Amino acid sequence: MTVYLVGAGPGDPELLTLRGAGLLGGADVVIHDRLIAHELLTLAPPRAEVIDVGKTPGLPRRQHEINELLVAHGKTGRQVVRLKGGDPFVFGRGGEEALALRAAGVEYQVVPGVSSAFAAPAAAGIPVTHRGMSTSVTVVTGHTGDPSAPGGVDWDALGRAGGTLVVLMGMGERATIATELVGSGRLGTTPVAVVHWGTTDRQRVVRTTLDSLANVDLPAPSIIVIGPVAALDV
């Protein structure tokens, strides 16, 4: 059988793809993240083994442990669904899981999902591209650190690049991000929107500017949208 790396979408359970829903309905094993819509688990058969591998703060499960779990279940001959928030290949570490499965000789398929990077702003009335305002969008992790390290974020280049910037997992570093971007050329008055639990009935949206981003008090999961489009409410 096959391990399916399925994108669960941005939060609203109705935004799961039809392909994802069909695979869940035939799953023998479901291995899921913490922040998925848990209503989705009801789509799995009652007989299915459901395993929560969410990286809970204070009780983290290391990625290599998840990889090993996928390989072990993938070798049993049962249908395994790895249910991941958003899209598996957009900051979901789906690529690492796929490589681990390939190295172990386990067949897998990737089932794309709706990424919160675009869905959450859209649910808040913010088009990440808009004629006359932004013709490009960059999605970036909010983890700051050495920009010269492999995979590091070059905030200086992003400050000069223009267009819309969508920051995932950035609330803990929001003050540093704002400082870096302003220091690299973005105006402190640049519009910013923070979308918390986008697409769900718990959604909250705070609109501010780069100068005031550090004062926004919203926890994860929140997405930061930076650029002129963040002032839109369509």
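Angles under 35 degrees count as roughly parallel, over 145 as roughly antiparallel, 65 to 115 as roughly perpendicular and the rest as oblique. By this convention helices α2 and α3 are oblique to each other, since their packing angle is about 45°, with the axes 9 Å apart. The structure is a predicted model, in which local features need pLDDT of at least 70, side-chain atom pairs count only at pLDDT 80 or more, and totals for chains, interfaces and linings use all residues. Residues are numbered from 1 along each chain as its sequence is written, and side-chain values use heavy atoms, with hydrogens and water left out.

Helices (H or I, at least four residues) and strands (E, at least two) are DSSP runs, numbered from the N terminus. Axes are lines fitted to C-alpha atoms, for helices over the stretch in contact, and angles run from 0 to 180 degrees between N-to-C directions. Where the helices meet, Gln63, Ile66, Asn67, Leu70 and Val71 of α2 are in contact (heavy atoms within 4.5 Å) with Glu96, Glu97, Ala100 and Leu101 of α3.

Helix α3 spans residues 94-103, and its buried residues are Gly94, Glu97, Ala98, Ala100 and Leu101; buried means under 20% relative accessible area, exposed over 50%, and partly exposed in between, with a 1.4 Å probe and protein chains only. Seen down the axis of α3, these buried residues fall within an arc of 160°, so they line one face of the helix; the arc is that of the directions from the helix axis to the C-beta atoms. The other side of α3 carries the exposed residues Leu99, Arg102 and Ala103. Elements covering the buried residues include β1, α2 (63-74), β4 (80-84) and β5. After α3 comes Gly105, with a positive phi near 75°.

Next come the sheets, in which two strands pair if DSSP finds at least two bridges between them. Strand β1 (residues 3-7) is joined to β5 in the parallel sense by 4 bridges, and Leu5 stands opposite Val110 of β5.

Strands β8 (residues 191-196) and β10 (residues 222-226) run antiparallel and share 5 bridges, with Val194 partnered by Ile224 in β10.

Thr141 belongs to strand β6 and counts as buried, at 13% relative accessibility. Residues up to four places away in sequence aside, Thr141 touches Phe91, Val153, Trp155, Val167, Leu168 and Met169. Thr200 lies in the loop between β8 and β9 and also counts as buried, at 19% relative accessibility. Beyond its neighbours within four places in sequence, Thr200 is in contact with Gly11 and Asp12.
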